[in-house]
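Reader: Please walk me through this model. I would like to start with salt bridges.

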Amino acid sequence: MHEENGIVYSDNPQKMLTVLEVRHMYSGVYLLKFSDGVVKLFDSSILEGEVFEPLKNPQVYENPRLEYGIVTWKNGEIDCSPEFMYEKGFLYNTADVISVA
């Protein structure tokens, strides 16, 4: 149980998952460092729908940006939730990586 802004909730508060760092690796695959310290690879080719069509263009997929912990493209016109990227991403062995930025 916890209280937030004068409202009592029956569950425990959870920290919001965010992306701390993003690096385009190749062909729409990104190396992501999350706020819990986990590093994953995410392949944007799994993103479906009209809104994600621009990600087929290298000028778009090669230029991700972070806005408030969310990966965006095309000046914020396209985004993907950190939770989805975390769930669908693949763990990355960071033993040989100094920094993802």
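Author: A salt bridge is a side-chain nitrogen of Lys or Arg within 4 Å of a carboxyl oxygen of Asp or Glu. This is a predicted model: local features need pLDDT of at least 70, side-chain atom pairs count only at pLDDT 80 or more, and totals for chains, interfaces and linings use all residues. Residues are numbered from 1 along each chain as its sequence is written, and side-chain values use heavy atoms, with hydrogens and water left out.

Reader: How many salt bridges does the rule give?

Author: Four. In one of them, R65 pairs with E67, with the closest N and O atoms 3.2 Å apart. E53 and K56 form another, at 3.1 Å.

Reader: Are E53 and K56 buried or exposed?

Author: Buried means under 20% relative accessible area, exposed over 50%, and partly exposed in between (1.4 Å probe, protein chains only). E53 has 40%, so it is partly exposed. K56 has 64%, so it is exposed. R65 is partly exposed at 43%, and E67 is partly exposed at 23%.

Reader: What is W73 in contact with, leaving aside its neighbours within four places in sequence?

Author: Contact means heavy atoms within 4.5 Å. The partners of W73 include Y30, L47, L55, I78 and M85.
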